Amino acid sequence: MESPQLVILAGLAIGLIYGAVGLLSGFCLMSSMRGFLAKGDSRLVRSYALAIAVAIAASQFLAGNGMADLGKSIYLQQSFSVPVLFLGGLLFGYGMVLSNGCGSRALVLLGRGNLRSFVVVIVLAIAAQMTLKGLIAPARIALVQASQTTFSANSLPSMLATLGFTEVSARAIAAAVIVIALVLFAFAHPPFRRSSGQIAAGFIVGLLVAAGWFVTGYLGADDFNPVPVTSLTFVAPIADTLQYVMLSTGLALNFGIATVAGVFAGSLVTALATGRFHLEGYSSPRHMLRSAGGAALMGIGGVMAFGCSIGQGLTGVSTLAFGSFVALAGILLGTTAGLRGALRVQPLAVA
């Protein structure tokens, strides 16, 4: 089997696992922050923190042992626009609240029969494609060109290297400090320590991020037919999947499309097997308008930020890239603004 086919099959398998875990555990940054800010329940937040810790530890291990060149990913560019990354994160985070979940969560809920998520996925894909290559693309490109900066150090390890540390020690120190802090934060909460399901979800999702790097960076490292080095991310892949569904004869399958299909299939199979499948729709036209508006913000913001709450929040951060921390800060702030304060998204009135 050639490496591109192997990468596609592995992407499908990773997506299947993520879809099943996402459905059973409710793994989602927006749900995590809503539970924490509104109800004081931080178990899902700590599960997300644990996933980041595992993703960083495993991904940096792979990179340090030559099994994935993270420098070939989109996250470790020398030149990037801090304002655009942050603004994209803000738009994505606020859109998450409007749509009641991110793109990956929408795929998981769609597999469970949530028809609202079908609208979210389609609108997100269209908005993302418009921002990548369509009507919005020229404005995005102009904004990036006007504000991007070239950095001598684009990640925590590279910054430590400029201070005299060796590459190996810089990588180990940067990863260890963040991983230990996140693990301590996660397990400092007694209710989380008793939540075996949330602990397992954090570990599995973090390992899936590293698995994606291994698949594309090692198994896909063919000198004659290499595949892009990437891992779990959902905004651009959802857009590519919609385009592939419409124009498959002129396009090729890739890791991202296979992962998107796998997430939906994994959730669907799990929902049917556990009796969780049931059809749901919108409660009112206003509900649909809000949801579609949030999906559009996620599509636009996700492209500007180079990723979503998974693509930047887990995969990007696992590279320890400064740009990923900027994007994640924007996502967290945008989500918080949608859940608390003057810009809070008000609950829909029940008819």
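1. Start with the lining of the largest pocket: α12 gives the largest share, 4 residues. Helices here are DSSP runs of H or I, at least four residues, and strands are E runs of at least two, numbered from the N terminus. A pocket is an open set of points on a 1 Å grid over the protein atoms alone, with protein on both sides within 12 Å along at least five of seven lines; lining residues have an atom within 4 Å of a point.

2. Keep in mind that this is a predicted model, where local features need pLDDT of at least 70 and side-chain atom pairs count only at pLDDT 80 or more, while totals for chains, interfaces and linings use all residues. Residues are numbered from 1 along each chain as its sequence is written, and side-chain values use heavy atoms, with hydrogens and water left out.

3. Back to that largest pocket: 28 residues line it, and Pro228, Thr230, Thr233, Ala236 and Asp240 lie nearest its centre. Besides α12 (235-247), α1 (3-25), α13 (255-274) and α14 (285-304) each give two or more residues to the lining.

4. The second largest pocket has 29 lining residues, with Arg34, Val97, Leu98, Asn100 and Arg290 nearest its centre. Here α2 gives the most, 4 residues. Other helices that supply at least two include α4 (82-99) and α16.

Notes. 1 Å grid on protein atoms, 1.4 Å probe; cavity = no way out; pocket = protein on both sides within 12 Å on 5 of 7 lines; lining within 4 Å.
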